[in-house]
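Thanks for making time this morning.

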Amino acid sequence: MTKMDERLKYAPCGYVSITHEGIVTDVNQTFLDLMGYAAEELLHKHLESIMSTANKLIFHSYFYPQINLNGRVEELFISLKDKQKQTVPFILNGRRFEDDGVEVIDCVLVQMKKRIDYEQELRTAKKQIEDAYRQKEQALAKLEQIHKEIERKQSELMEMNAMLVELSVTDKLTGLKNRRYFQEKLDEQLHRYHESGQAFSLVIIDIDHFKQVNDTWGHQMGDEVLEKLAKTLTIHARSEDTAARLGGEEFVLILPHTDAAQSSKIAERLRIAVIETVWPIGSITVSSGIATVNPDDSGASLLKKADEALYASKENGRNRVTHIEDVKR
């Protein structure tokens with residue numbers, strides 16, 4: 001074993017290597033010690049074997065799409081079960097690469113110990129309050145101090161929880177909501193539709209010839225274009241709309257209370273707004289595909305129809321808006 005191998009084995013964070021299917025192929029000693037497992041209990045097992053059902057859903061709805069689209073995942077909040085079946089929270093960063101022609105996904109897991117410490121401090125403070133009440137008059141001064149400490153810890157914990165929730169649903173590059181948040185909002189919108197019958201539409205927006213932007217100007221400029229498009233969408237979207245980044249150069253809008261004709265007008269206004277925006281590399285155009293919900297739709301079918309309409313926009317010359325109803329006429 002090389003010195004670097006030894007350092008990785010005992011690095012101050014967990015390291016797990018998995019196949020594209022999620023099978024564990026390597027794990028460092030730090031992660032084993034933290035979770036209480038022996039190597040043979042994890043090797044050649046599926047990583048989801050130490051996840052709850054909720055975390056499996058997060059893994060499938062966010063981790064795999066990000067790995068497939070971008071080759072990496074950054075700052076994913078996820079919890080795993082240790083040998084005693086206790087939940088251990090982590091921040092996960094992952095990267096995909098090929099090793100001798102075999103696709104491998106390396107994952108670095110940093111335990112969220114600080115949050116656990118805050119919760120432990122909060123429990124300790126509450127116990128101190130109980131002790132102080134038993135001491136009655138002699139503990140009044142101490143009791144006041146402990147109350148202040150509890151308020152401070154509760155405030156810090158609430159801020160930390162709010163930050164973690166926001167991180168888990170926000171695209172790091174653009175600041176828009178991510179695919180996970182979009183999927184939740186789409187499910188909510190479908191539920192309201194089936195209850196009230198109020199129509200809504202879905203728009204997928206894709207930057208035309210984005211690969212040429214990266215190839216010509218570099219990925220840093222490509223990131224700047226993505227950020228500027230996100231700001232343009234935010235400025236021109238209505239307050240009730242949900243704007244999110246699906247991944248890569250694809251963005252999505254959920255348009256409540258919007259039928260086919262209205263959604264086409266909104267998408268067309270956005271298309272023109274992109275053309276009129278000043279870009280650092282000259283001109284940028286977008287193509288859009290739209291689908292309006294019907295009673296037979298699921299989230300997956302609605303997304304597929306919008307994607308088919310987007311494909312039609314690309315096939316018909318790009319820089320255009322297409323509703324799926326126009327494709328099927």
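Predicted model: local features only at pLDDT ≥ 70, side-chain atom pairs only at ≥ 80, totals over all residues.

Let me start with helix α8 (residues 210–217) and helix α9 (residues 219–236), whose axes come within 7 Å and cross at roughly 140°. Helices here are DSSP runs of H or I of at least four residues, strands are runs of E of at least two, and both are numbered from the N terminus. The axes are lines fitted to C-alpha atoms over the stretch in contact, with angles running from 0 to 180 degrees between N-to-C directions. The two helices are therefore oblique to each other, the term for whatever is left once angles under 35 degrees (roughly parallel), over 145 (roughly antiparallel) and 65 to 115 (roughly perpendicular) are taken out. On the α8 side the contact (heavy atoms within 4.5 Å) is made by F210, V213, N214 and W217, and on the α9 side by H219, M221, G222, V225 and L226.

Residues are numbered from 1 along each chain as its sequence is written, and side-chain values use heavy atoms, with hydrogens and water left out.

Now to the serine, S287, which lies in strand β9 (residues 286–292). Is S287 buried or exposed? S287 is buried, because its relative accessible area is 0%, and buried means under 20%, against over 50% for exposed and in between for partly exposed, with a 1.4 Å probe and protein chains only. Its side chain reaches the backbone nitrogen of N319 at 3.1 Å.

Definitions and conventions. Polar contact = N/O pair within 3.5 Å; in protein donor to acceptor, adjacent residues only side chain to side chain.
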